[in-house]
Structures are given as C-alpha cells and as structure tokens.
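Please read the numbered points alongside the structure.

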Amino acid sequence: MLRPLRVINLTSSLTRYLAGLSLQESVVEERKKGLIGDTLILLQHYPVYTLGKRGKPSDFRTSQKDLEATGAEICSVSRGGEVTFHGPGQLVAYPIVGVRQAGLGARAYVESLEDSIIDCLANYGIAARGRVPGATGVWVGERKIAAIGVRISHGVSSHGLALNIDTDLSYFQHIVPCGIPDKEVTSVRLELRELQGLKGQSLPPPGAVGGGAVGGGAGAGAALQGEAAGAGGRGAALGGATGADPDFARVVEDFTSSFRARLGFAAGY
C-alpha cells in the first residue's frame, strides 16, 4: 500500500529563510516523535545564501559584507554541501521523510530526489541527469539546474533540494555554486527558451512572487495550506508573453507528482 504524504505548499508568497527553517525544524521534531507522518514543505525564499557543512569563505566571490548590503541574507545550515543560493523563482523543497522506515539508505534517498526532478523536467522536454560523480544534483548537459543537500538524523530527512524555475541567475555569479567553480547554472526558463530557439534573445526580468513572508515562530499547524495537486504529464506547458516562460505553479505541481511516485507515496490533494 502506498504511504500518505502531507504537503505544505507556501510557494504563493516569499518566505524568509530563517522562518522556513523554523517551520522545518518543528515538523522534523514532530516527525521524529511519531506525532505526524511524512511531510513535504514547498517554499520560495527571499534572496539568501546558505552555507552547508563543507562550505568555506573562499566559496564567496564577492565579500559577504557586500552581499548583505544588497539585502541578501547569509546563513550557515546543518545540511551537507557547500554554498548555494535561494531566491524568488526557485522551488525549494524540504521533504521530512522517515527514510529508514521507508527502507532507504542515504544514497538511494538522494538518488530518488534527483529522479523526482528529472521526471518533472521530462514533462517539459528538458533532458536532465543525476548521479554525476562528485557533483550531487541535477544537470542539463554541463549546466546545473537543481541543487541537493540533505540531512538525515534518527532516520528522518530534512533540508532537500532547490530547482531553478524562473530564478535570477545573476545571484550565482557571487559564489562558487556547490563548490564547483567551472560549471554554469541554468533554469527551466533558460532551457525552455533554448528548446524554443530563443536563446540569446533579450529576456524580460525573471518573474517574482509578491506577498509577505511567513512570520517567524509560526507553528507547523498554523502554516498548513492545501496540498499541491498532483499533475500528470504536461508536455511542453508554456506560458508568459514570450511563449517560453515556465508556469511556476504548474512546475510545482509536476514536481510534487513526480516526488510522490518516486518515493512511493499515494497520489492526493
């Protein structure tokens, strides 16, 4: 029998990173105590650079002081990996999953996250790959489209993945993304434009989501919203004035559906 999954979808507005982290930590503690089942938290963050366990000051190409002057936050976190960026137009997913209970080892779990992203992107005609030696995450050719950094404690996962959908990629110029200095970063938007033969043409600004942040200290119960609807194959689902800009909400739905399928969760709303 497929397992149930609770989805907390907060992607309709931007969330301060520390508020999202607080929510995540409260859900993790409830999951460890067996008070709740497996949960998937979906967010968009205000601009923030997060530094994982293997991160170091040299991963920043611009001084942290100058970055903070632009309004971006810098936070050290307990996940694996180096430094990465989160911001508007990027789907950040935090699966709080009983990995041990599901019979998965750490490597198999990470590969399942990679496969969830790859399956989602295939709906849009984007051929992506994971399992790149020494380079965790998901790649389109030699360009990284999604970062993965997880923590597993007492058999329960936290942190997760970041998929660039309609992200302002200029933020990545200030860091060595995930500790890999010689690789480019890409997004669903850029890859769709390449598929449409629009690469190199003038781009309008990436889409940004308005709305307030989730208030700090809000409990998991108060933060619950309706689950993201599972979505089947979307084909080349394109929107926007250019004809090649992704529908953010639709990509979120497709990722959620792919995640459920790959991790053995029941479909639901």
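Is R143 buried, partly exposed or exposed? With a relative accessibility of 21%, R143 counts as partly exposed. The points below concern a predicted model.

1. The partner of R143 is E191: the two form a salt bridge in which the closest N and O atoms are 3.0 Å apart. R143 belongs to strand β8 (residues 143-153) and E191 to helix α4 (residues 188-195), so this pair ties together parts that lie 48 residues apart in sequence. E191 has a relative accessible area of 5% and is buried, whereas R143 is partly exposed at 21%. The cut-off matters to this reading, because buried means under 20% relative accessible area.

2. R189 is in helix α4 and D166 is in the loop between β9 (156-164) and β10 (184-185), so the distant parts linked here are 23 residues apart. Both partners are buried: R189 has a relative accessible area of 5%, and D166 has one of 11%.

3. The side chains of R131 and E111 also meet in a salt bridge, at 3.6 Å from N to O. The pair links distant parts of the chain, with R131 in the loop between α3 (106-122) and β7 (138-140) and E111 in helix α3, 20 residues apart. R131 is partly exposed, its relative accessible area being 44%. E111 is likewise partly exposed, at 23% relative accessibility.

4. The pair in point 3 should be read in its wider setting. A network of salt bridges links R131 and E111 with D115, D119 and R262. For the model, the count comes to 9 salt bridges.

5. A separate remark concerns S157, which is placed in strand β9. S157 counts as buried, with 0% relative accessibility. Its side chain reaches the backbone oxygen of P95 at 2.8 Å, and the side chain of S157 also makes a polar contact with that of Y109 at 3.2 Å.

6. Which residues surround S157 once its neighbours within four places in sequence are left aside? S157 is then in contact with V28, P95, I96, V97, V99, Y109, R151 and I152.

Conventions:
Residues numbered from 1 in each chain as written. Predicted model: local features only at pLDDT ≥ 70, side-chain atom pairs only at ≥ 80, totals over all residues. Heavy atoms only, no water. Salt bridge = Lys/Arg side-chain N within 4 Å of Asp/Glu carboxyl O. Helix = DSSP H or I, 4+ residues; strand = E, 2+ residues; numbered from the N terminus. Buried < 20%, exposed > 50% of the residue type's maximum accessible area, 1.4 Å probe, protein only. Polar contact = N/O pair within 3.5 Å; in protein donor to acceptor, adjacent residues only side chain to side chain. Contact = heavy atoms within 4.5 Å.
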